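Me: I would like a close look at one part of this model, with the cut-offs stated as you go.
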Amino acid sequence: MMPRLGAKYGITIETISKPRAEYQTDAWFELDLPVAPAVMVEDEIVVEGADVSLDAVEACICRHLGLPCPEET
């Protein structure tokens, strides 16, 4: 899902993957990042600790780019 959206909107997608236990450490919480699974666009957390729909991520990307939100599929 993410690579396709990155290509569609010409944006860079960064994926962070760590063992689940690393997301529960004090060091991770000090970074003020969400607990996985999560999706962020810029500094906005789209979802944390749950699955997310393609429509929600795409709508958030569009808001940050100043584009109209696409129709939900």
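What is the volume of the largest pocket, and which residues line this pocket nearest its centre?

Reply: The model is predicted, so local features need pLDDT of at least 70 and side-chain atom pairs count only at pLDDT 80 or more, while totals for chains, interfaces and linings use all residues. Residues are numbered from 1 along each chain as its sequence is written, and side-chain values use heavy atoms, with hydrogens and water left out.

The largest pocket has a volume of about 780 Å³ (the space filled by probe spheres set on grid points joined across faces, edges and corners). Its lining has 22 residues, and those nearest the centre are Glu14, Thr15, Ala38, Val39 and Met40. A pocket is an open set of points on a 1 Å grid over the protein atoms alone, where a 1.4 Å probe fits, with protein on both sides within 12 Å along at least five of seven lines; lining residues have an atom within 4 Å of a point. Two elements, S1 and helix H3 (54-65), each give two or more residues to this lining (DSSP runs numbered from the N terminus: helices H or I of at least four residues, strands E of at least two).

Met40 also belongs to a nonpolar surface patch with Leu31, Leu33 and Ile45, and together the four have about 310 Å² of accessible area (Shrake-Rupley, 1.4 Å probe, only the protein chains shown counting as cover for residues). Such a patch joins nonpolar side chains (Val, Leu, Ile, Met, Phe, Trp, Tyr) within 5 Å, or like charges within 9 Å, from residues with over 30% relative accessible area and no salt bridge. Leucine 31 sits in the loop between helix H2 (26-30) and strand S1 (38-41), and is exposed at 51% relative accessibility (buried is under 20%, exposed over 50%, partly exposed in between; 1.4 Å probe, protein chains only).

Lysine 8 pairs with glutamate 58, with the closest N and O atoms 2.6 Å apart. Because lysine 8 is in helix H1 (residues 2-9) and glutamate 58 in helix H3, this pair ties together parts 50 residues apart in sequence. Glutamate 58 is buried, at 6% relative accessibility. The side chains of glutamate 44 and arginine 63 form a salt bridge at 3.0 Å, N to O. Glutamate 44 lies in strand S2 (residues 44-48) and arginine 63 in helix H3, 19 residues apart. Both count as partly exposed: glutamate 44 at 28% relative accessibility, arginine 63 at 47%.
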